[in-house]
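Please look over the notes below with the model open. They start with the whole chain and end with one residue.

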Amino acid sequence: MKRRLIALWAAAGLVLALAGATPALAEAADFGRPSAESVFTDARQSLTFRQPVTLASPASRVEILLETPDSLGPYVREVPAPSGSGDHTLVFQWDFVEDGHLVPNTPLTARWRVTVGEGDGASASTGPPVRVVVGDERFRWRTKQGDFVRLHWYEGDEAFAERALAIGDEAVRKATTLFGVKENEPIDFFVYADSEGLYGALGPGTRENVGGQAHADIRTLFADITPGEVNDPWVADVVPHELTHLVFATAVKNDYHGPPRWLNEGLAVYLSVGYAPEWRAATEEAVRSGRLVPLHALVDQFPTTPGLFYQAYGISTSAVDYLVRTYGRDAMVALVRSYASGVSDDEAFRSAIGVDTAGFETAWLVDIGASMPERQGPRSAPPGPLPSDWVGSPGPGATSAPAGQTSAPGGATLPPTSEPSGAPGSGTSNGGDGVVLVGAGTVALGAVIVLAAWAVRGRRRTGAGLPPPPTGAGQGGGE
Amino acid sequence: MRRALALLVAASLLATGLPFAAGGIEGARAAGPSTARVFLGEPTTLDPAASSDSTSSGVIVQLFERLTALDGQLVARPALAERWELLDGGRRILFTLRQGLAFSDGTALTAADVVRSWLRLLDPERPGPFATLLLDVEGARAYVRGESTDPASVGLVANGQTLEVRFVRPAADFPSVAASASLAVVPPGVGRDPGALEAGPAFVASGGYRLVSRSSTELGLEANPRYWAGPPSIERIAGVTSLQGRSPVDAFTAGDLDWTPIASYDADWIAYDRELGPSLRRSTALTVQYYGFDTRQPPFDDARVRQAFARAVDWRRIVALAQGADATPATGMVPVGIPGRSDEDFVSPFDPAAARALLAEAGFAGGAGFPAVTLVTAGTGYDAAVIAQLRDNLGLSIAFEAMDFDEYFPRLYDDPPAMWGLGWVADYPAPNDFLGVLLGSGEANNYGRWANPAFDAAVARALATSDPVAARAAFDEAERIVRDEAPVIPVTYGAEWALAREGLLGAAENGTGDLRLAGLAWEGGGRP
């Protein structure tokens, strides 16, 4: 025991010694002042980061750590290490085409991390932060600050800006009051004067009927409103709709679970225009045609086919309307707020209205005169042509034939022996010599699943940014 | 590390996309019925020996055939090999190739081509990412390490149409292993001629299709008339590699794709859509997502710390919250669908009090003195929840970093983070692919470098028995050790979703993420 204790103390001493050595290693990289530049023009969209550094010894790894204010942690990219020691300028360029689109107003904080040495002797130093915000230099922006909203626009006069700002402020005021949340930081509202400008900002893949998009993660709303449209009714619908999403995101923020999409979208419509005739008609048409998509199928993603997409907004608004009519507005607010504690949908509904989501859905269906629709899929794939020797059950040797047995074409079995045949993966024994066969492979590998890339390039998909519904005016609506 | 696919689809499809390149396939589709447009994704390589991702392997298996192939029921079926015999209790396997095999250019394909192709994985100068597939072959380890320079020292003996594979231990499931894309047979030019993998009329295939054209968004595949199973039914296939931002559902709806993987969140509503619902396909993915620790370094060299992490997080709940009704929380490392899998629950119970006690026992009461730890992943969907529960239940502040997978995966090999997350999908359907391969002492894919003799012994017992019950019992014991030692924590299993045009026959993945294009056909012969 004594010797063991000594060994442990010795090990501890070694750890302390190494820890003491770390600062010296860390000084192997002496960072200068970093810089960052955003370019967002029609010709080029990129971010360029530079970091002067003096290396006492060659770097084994250089990384840039990019972080947005709300991110769980930095997104890390490796950058080729400069050769040798001495003075260098580290450079990283984020190309919006190659590396992923970033919408304007995306704030990024970058730090550089330089590692010297290898293995247990490696030591990393992290440089000072540099902040950059993705700009949009295609236009000469003007800015106007409201109570909650900071408006950015480039066409139209002061009256246009005042009107747009008033719509935005009023929407945020209503939503924050309703949900009982505070928006301490301004919400940026970028108004583009045409769809080309908007789509350039939102990036490739933007659907052609998107008129506005909210990005809760960067507290920014983008919309396409020409100066002549600012008094059009749809502006007073779409802007509150999108801003409601931003406030909703604040109200439900948690680390575990987001509310169902139908609730998010339904509330945004309900609070901006109410259960308006066009949405009521969409719901009624869904019921009448028997094409209704149930709420539990609208939890994550809305249908992308045009008819069902609009129907989904109608259904969602109908459900919220039913929720408020049946349980009251306070229950609706309680439901929304409960999500902030990371509860499941069923838990949230039970605590707010006393029934789970299935119970709510059943009651809502009764209310709109519909029954639960039948699933149309998934269905089994019809079989295709198979090689002639693949038809039928595989023979005992197809995957793990006992010694001496042969897997013949078509899984044909050779004359039976006294040895058991092996099911796939189960293995069989060679009774003759007692040597045991392998029950499972001994050398094969599995495969790594690549999950959806996180971080900056994924933010558009995971951020709120949900398109608005169509409007009665038929303009500027979402998808 | 192959088969990426379904979960990946959301990222790759949404991140990419323009309409399809002009020419080739589009014109062919207009000209005749035997065409199809299938989303394959952008392969990083077409070289089987260099392949390490599922997208690449999914393309490779269309171009280059293997000795065997897994069918829809995950059974190894004869492909280039018409049969195989297990000799000496599985220590030798004799593959007999089909008669008259040829590459697409008419050159005879023999067992020597198989050996040449497989030895490329063992090239000591440039070992393939999945050289491990062959490391139980006699002499393979010495050869790949450069200790032997004589290819004949490797237990791969070609003799005309037969190939004898000699193993250092019984390997009865090697016929399933031989279905791996990494073991596909390439023509002699691959590896010697840089242009051998270029698309064009000179492309030589051993698989169902030749690569005749390639653009930034599409691979043009043409049926190989000399394919061992006969020319595939569909003559030309557009293997779409990029949708440039378009949704795969939109592309399918527009008629621009006949088959495409889709994300589960689209499957929810599609199931109720009259038009798309009948085209919806679901298959069990032989996948497990798990978290792991660098068990060589403090604090995770202490099993009590790892156990504390395992018990401090309500894994089932965070999976259910993240994935909802589609969730399949893991009950062990071996996913549902693997033959020989146990139904026993091998996941540690959620017990924050016990977790805190374990952490205190390890010297970190209340989290005090716990070293800085960073969880690094390529994005798992559970990271925020895990960090939150470790904070709330153990008082620990765990940092987080995210990396792109192409940088993350090499990092796992070379310099594993203290805590990491990964998804693994089977190359072949057996428990060992998730146990011995991922956690065996010294295994290349044991990223946490965990070593446990009792676990190794249990796996060895499982591999050495012919009795399925005994094998399962031994694997169960191995799973229990994993639960108790917690070098990794299994979190969830997966499912794959796809849309297939009605009338397209054979459009089913087999759980490893491969869609066999040579097995596709249009009902009635032509594309509707």
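1. Chain B has 16 helices and 18 strands, where helices (H or I, at least four residues) and strands (E, at least two) are DSSP runs numbered from the N terminus. Its radius of gyration is 24 Å, close to the 24 Å that the globule rule gives for 528 residues, so chain B is as compact as a globular protein of that length. The radius is taken over C-alpha atoms, and the rule is 2.2 Å times the number of residues to the power 0.38.

2. This is a predicted model, in which local features need pLDDT of at least 70 and side-chain atom pairs count only at pLDDT 80 or more, while totals for chains, interfaces and linings use all residues. Residues are numbered from 1 along each chain as its sequence is written, chains are lettered from A and ligands numbered from 1 in the order in which they are written, and side-chain values use heavy atoms, with hydrogens and water left out.

3. Of the 528 residues in chain B, 65% are buried (under 20% relative accessible area, 1.4 Å probe, protein chains only).

4. Glu479(B) sits in helix 16 (residues 468–485) of chain B. Glu479(B) is buried but has no salt bridge (a side-chain nitrogen of Lys or Arg within 4 Å of a carboxyl oxygen of Asp or Glu). The nearest side chain of opposite charge, Arg341(B), is 6.4 Å away.

5. What does the side chain of Glu479(B) have 3.3 Å from one of its polar atoms? The backbone nitrogen of Val334(B) lies there. Leaving aside neighbours within four places in sequence, Glu479(B) is in contact (heavy atoms within 4.5 Å) with residues including Gly332(B), Met333(B) and Val334(B).

Methods:
Buried < 20%, exposed > 50% of the residue type's maximum accessible area, 1.4 Å probe, protein only. Lys, Arg positive; Asp, Glu negative; His and termini not counted. Polar contact = N/O pair within 3.5 Å; in protein donor to acceptor, adjacent residues only side chain to side chain.
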